[in-house]
Amino acid sequence: MIEKNKWAWVWVPILYFTQGLPYVMVVTVSVIMYKKLGISNADIGLYTSWLYLPWVIKPLWSPFLELIGTKRNWFLIMQMVIAISLLGVGFLLPTNIFFVTTLACFWMAAFASATNDIASDGYYMIGLTQEKQSFFVGLRSTFYKLANVTGQGLLVIMAGFLENHYGDNTKAWSITMIAAGILMLVLTISNLFATPKYESSITIIKEKPKGYLEVFKSFFTKPNMGMALTFILFFRLGESQLVKMASPFLLDSKEVGGLGYSTAEVGTIYGTVGVIMLTIGGILGGILISRDGLKKWFFLMVLSLNIPNAFYAFLAFTKTTSLVAVVTTVVLEQFGYGFAIAGFMVFLIYIAEGMSKTSHYAIATGFMALGMMLPGLISGYMQEWLGYDGFFIWVVLAAIPSLILLKYIKYPPDYGKKAT
């Protein structure tokens, strides 16, 4: 029998890096790629936000992952599908109908990625004790976001270099997306060897749902669930819009209110200091929750997610292209995200406690994705209507609901605290 927490320092980082990479490629790198290929902000905001849909509706098929097969087999299969999808984007970009065909590939990657999330998160809760789940949440969030930075940073740097080398944006991004597909394939093989077969050695029948509808009934009838779900929907209201327009803002010319940075410059900023501050924020969040419990730090974590939005507004109003100002903004954004998401994920783990926790966690994260998708759908239109300066002011104001709702959600103050 393989005991819980076995090899966690190895498989947690690899598994969550693999979970984060397809997400950032679908919802963030696609934005930069389409921007460089001449697609308008309105179309980018609309069509790439619809790509969130699989993460929103993934609870509909999450019970089947508990009833059929093992979570380990599910995430390995889905990771292979993602690798094939990213390779498809790379090979289809040089065609005349690249926008439609690459969106189709991104859709396939999105559904596989959402399914991979369900299986990976379920495996995390099976393979670790509750104490270790709270302790490792900072590490898992950090490597998830490191994957985001790898996509938004290193791969974008690569695309920028290739743009300059070939003088052809299409060729540059085709090669970059093929490289992303190969990286995803390597990560899939790594997970094959790194993840223990817990489900073959631990009796988990008692955790399987009794029926499909029972999974949803048992989740929505938990105490105070209505307020908890409202909080989840509004938690990332500002960030969900900022993340769609931050890169276009840095890339757009000064004539239209942007800062005029190059693709390589944007990738370098996110891929250097961004990585460092993200790592510090995520690990620090997990350590503090493990030491003091969630209650003590949650308000500060919500603030840290939203304060950087004001710095983007400052950049837009002053129209400064100062590297120091831009890097400072990205540093605060990355640290704040890492610090805040550590707490948010612990809260999601709490409301998923009990029977069918894999499916319940999927439902909770589905609501989180809905809170990302709906505001993102209008982000491009809001930016074109308000301009970058007005848009970022709106994003700052969007933080208010989550700060108010935080007072009304209920959870044990010491939840996540390491037992002494």
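Here is a short tour of a predicted model, with stops inside the protein and on its surface.

**Stop 1: the core.** Start by selecting Trp11, Tyr124, Phe231, Phe298, Phe347 and Leu348. These residues have the most contacts inside the largest nonpolar core, which has 135 residues. Now colour helix α1, residues 8-36: this helix gives the core its largest share, 17 residues.

**Stop 2: a buried glutamine.** Next, go to helix α5 (residues 71-92) and pick out Gln79. Is Gln79 buried or exposed? Its relative accessibility is 0%, so Gln79 counts as buried. Beyond its neighbours within four places in sequence, Gln79 is in contact with Leu15, Thr18, Asn116, Ser120, Met184, Leu187, Thr188 and Asn191.

**Stop 3: out to the surface.** Now select Met227, Phe317, Trp385, Leu386, Ile393, Trp394, Leu397, Ile400, Ile404 and Tyr408. Together they form a nonpolar patch on the surface, with about 1000 Å² of accessible area. Of the helices, α17 gives the most, with five residues.

**Stop 4: Leu397.** Finish by zooming in on Leu397, which is found in helix α17. Why does Leu397 count as partly exposed? Its relative accessible area is 47%, and partly exposed covers the range between under 20% (buried) and over 50% (exposed).

How values were computed
Residues numbered from 1 in each chain as written. Predicted model: local features only at pLDDT ≥ 70, side-chain atom pairs only at ≥ 80, totals over all residues. Heavy atoms only, no water. Core = buried A, V, L, I, M, F, W, Y, C linked by side-chain atoms within 4.5 Å. Buried < 20%, exposed > 50% of the residue type's maximum accessible area, 1.4 Å probe, protein only. Helix = DSSP H or I, 4+ residues; strand = E, 2+ residues; numbered from the N terminus. Patch = residues over 30% accessible without salt bridge, like charges linked within 9 Å, V, L, I, M, F, W, Y side chains within 5 Å. Areas by Shrake-Rupley, 256 points an atom, 1.4 Å probe, with all protein chains shown as cover. Salt bridge = Lys/Arg side-chain N within 4 Å of Asp/Glu carboxyl O. Contact = heavy atoms within 4.5 Å.
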